[in-house]
Amino acid sequence: MSGEFRNITVREEETLELQKLMEHVPIPIKESMEEPSAKVNVLLQAYISQLKLEGFALMADMVYVTQSASRLLRAVFEIERLYDLEANDIGELIRVPKLGKTIYKYVHQFPKLELSTHIQPITRYTLRVELTITPDFQWDEKVHGQSQAFWILVEDVDSEVILHHEYFLLKYKYCQDDHLVKFFVPVFEPLPPQYFLRIVSDRWIGVETQLPVSFRHLILPEKNLPPTELLDLQPLPISALREPRFEELYADRFPQFNPIQTQVFNAVYNSEDNVFVGAPTGSGKTTIAEFAVLRMLQQNPHGRVVYLVSRDALAELIFMDWHQKFGQNLGCKVVKLTGETGTDLKLIAKGQIIVTTADKWDILSRRWKQRKNVQNIQLFIVDELQLIGGEEGPVLEVVCSRMRYISSQIEKQIRIIALSDARDVAQWLGCNVNVTFNFYPSVRPIPLELHVQGFNITHNASRIAAMSKPVYNAATKFSPHKPVIVFVSSRKLGRLTAIDILTYCAADAQLNRFFQAEEEDIKPFLVRMTDKTLKETLSLGVAYIHEGLTASDHRIVEQLFDSGAVQIVVVTRDLCWGLNISAYLVIIMDTQFYNGKSHSYDDYPVTDVMQMVGRANRPLEDDDAKCVLMCQSSKKDFFKKFLNESLPVESHLDHRMHNHFNAEVVTKTIENKQDAVDYLTWTFLYRRLTQNPNYYNLQGVTHLHLSDHLSELVKSTLSDLEQSICISVEDEMDTLPLNLGMIAALQEIIFEDNILAAQLPNKLTVPNETAPKYIDPHIKKNLQLQAHLFRIQ
Ligand SMILES: Nc1ncnc2c1ncn2[C@@H]1O[C@H](COP(=O)(O)OP(=O)(O)OP(=O)(O)O)[C@@H](O)[C@H]1O
Ligand SMILES: [Mg+2]
């Protein structure tokens, strides 16, 4: 209660009347009648509701209360106006010059935030909002403490419906920084004129900032092509391959091809067409890729194929599998690229089946003009194409565009088989409508039961703590005896979760309920185990896997889990792509991870979540699969939507143009500005510009809009490169590589960091011999440290 009302007391003779009023006021009052605050509240409400008063005593108080209240409210509103004044002006305004400074200080202690947004349509029904929050007040620890809480609200045009709400915690440490908050809001047709974005302080009255977001110039994306129906076909037997040595590869794996494999079989195995297959995780797309390889081997026993997968870990898994399948059984030379150009050139010279990730193939295929072994690829398979919308998307986009371009230049078909979890990349890769299969996410070989559990706790650590018991409950309820994989965001959490689960087991007096073998059986494995905690939990049936485990420990866990001895394994998020195990139940324990770069919690990419969900899939053992996804309540709808609908993908090439342009200038694919524009026409970006113009900051879809946008993009990218002395541009037209650009292209260094790294005497090496990632904080620090030591500016 404000100090203004300090002198108000409740007198004996008033209680009766106050009691009566209390029953009539619209908003119930919690405090007892003896409290002065209750009296003030009653009087205010009575005044607003125009209730009649009887006694004079109350009347006098009433006048005092209403007048003070209006003054207080006015003060709250007037702070707004004082904001723009200097200390002197404030002093003059209140005619107490001495107080000017003090009031100025207080006014600027109101936790005011500035807002700006960037809105992109993702689908016709979903907008992606990037909200930049800039604190605009003086932080005083005595007033503000260590953190200030706010609520972000998105309201519809009448401010009637809250479309999204989110908690935002501003910490003292970062009170000078901009904060980026990303979220999704729904839109409905017909398009409303605007929404309102508000950010309201959790503690300070009247502290809020509102930002209208106009939709006047919003262009929603084109409608997607309708998905492909799964036909009710008789599953094809393995013998459909009509070649005994091929059939043998599958004889002991599964009895027949599944419905999706059956439906695409003809297009992939019996034609030369480029084919696109979009189908959910776990639907057996690897086998579809194998159809294409087998077709090629049948038509041309010396044909060569590149299989592009998303991650190193996955490349390793596929390589081992194919080494067996195509190498030992069919006598083909299977190789996996390393990222080291010299070695890789030798590998592609002798390899017939080349397994690689996009970045490695990018480096090798850049100089395709000189490299016959790149030109004579016949089949190009790209897997997980949905990742084109993610972090590594631009590289994926560039290599696919390049393969199409090479094919057009050498006038020889390079057959493309594209596998994806998402849709609408087909046209770009030259797949005709009749060989484009966009299956619904629901057509999985075995049905998936998805439970999304919302937790209404915004503080991350508390929310994760609150999920601990529900994880245990979900396991015992949905999968008391079958294998369970739990995904968590960090190593530490992985270990803790395993221990927590065991603690709950102990509390239920069933300590080793998740251990399904004899102790003797696993002894030989335990002896070899190096991680001590893991050894303990493992012997009770709960294991964990994270990036820090030794390869051998990792393998032991997978083996024991696969054999069924260990029923639960907790896995860190990053490993979801290279996981060689699947389960009956998958539990995703929260969907955010700590991003050290932005000091904030970021959402997992949807593609990661889909990959995790896909681990719930054992087609030969189970008739169904289950997934429990635990997340913050405000994200529930989002996940429900995107896990049940197709995932839309957009290009991010325009954010990573510098590296690719630089590389193409060095290899002379781009020799002038016109080449650069032509280069872009082969990309997915080019296709999407007209499909979802607003996403790419295009204001229209006419030919003029498009060509202006492309020339501007080319112009600005090339001039950036020119300024950083990577290339030179002559006569405003021709592009020539310079030394620094050549070094950068050779060393595969990210644009911003290249200048620094290229000057270092010590070539950076990292343990697993992959190229160092310059965006990794520790590598960046290493660079900076070296730069400092060697006095490089
Ligand atoms: N016809 C089949 N019958 C039974 N199991 C099959 C069949 N085809 C593939 N599988 C099995 O299904 C599992 C999933 O296959 P695969 O990894 O190829 O799926 P995917 O569609 O590539 O999934 P992701 O998107 O996760 O990569 C594998 O364990 C595979 O052995
Ligand atoms: Mg796959």
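Predicted model: local features only at pLDDT ≥ 70, side-chain atom pairs only at ≥ 80, totals over all residues.
**Figure 1. Side-chain atoms of Q261, T286 and E384 beside ligand 1.** A polar side-chain atom of T286 is placed 2.5 Å from an oxygen atom of the ligand. For E384, a polar side-chain atom lies 3.1 Å from an oxygen atom of ligand 1. Q261 instead faces a nitrogen atom of ligand 1, with a polar side-chain atom at 2.9 Å. The protein buries 78% of the 640 Å² that ligand 1 exposes when taken alone.

**Figure 2. The pocket that holds ligand 1.** Ligand 1 sits in the second largest pocket of the model.

**Figure 3. The largest cavity and its lining.** A search of the whole structure finds 5 cavities of 30 Å³ or more. The largest cavity contains about 90 Å³ of space. Its lining consists of W368, V398, S401, R402, Y405, E664, T669, Y679, W682 and T683. Helix α14 (residues 393-409) contributes the largest share of this lining, 4 residues. The lining of the largest cavity comprises 5 nonpolar, 3 polar and 2 charged residues.

**Figure 4. The second largest cavity and its nonpolar lining.** This cavity has a volume of about 60 Å³. The residues that line the second largest cavity are I119, L127, V129, V154, V185, Y195, F196, L197, V213 and F215. This lining counts 10 nonpolar residues, with no polar and no charged ones.

**Figure 5. Strands β2 and β6 at the second largest cavity.** Strands β2 (126-135) and β6 (194-201) each supply at least two residues of the lining. Strand β6 gives the most to the lining of the second largest cavity, with 3 residues. Other views of this lining may include I119, V154 and V185, which also belong to it.

Key:
Residues numbered from 1 in each chain as written. Chains lettered and ligands numbered in written order. Heavy atoms only, no water. Polar contact = N/O pair within 3.5 Å; in protein donor to acceptor, adjacent residues only side chain to side chain. Areas by Shrake-Rupley, 256 points an atom, 1.4 Å probe, with all protein chains shown as cover. 1 Å grid on protein atoms, 1.4 Å probe; cavity = no way out; pocket = protein on both sides within 12 Å on 5 of 7 lines; lining within 4 Å. Sits in = over half its atoms within 2 Å of the grid points. Points joined across faces, edges and corners; volume = space filled by probe spheres on them. Nonpolar A, V, L, I, M, F, W, Y, C, P; charged D, E, K, R; others polar.
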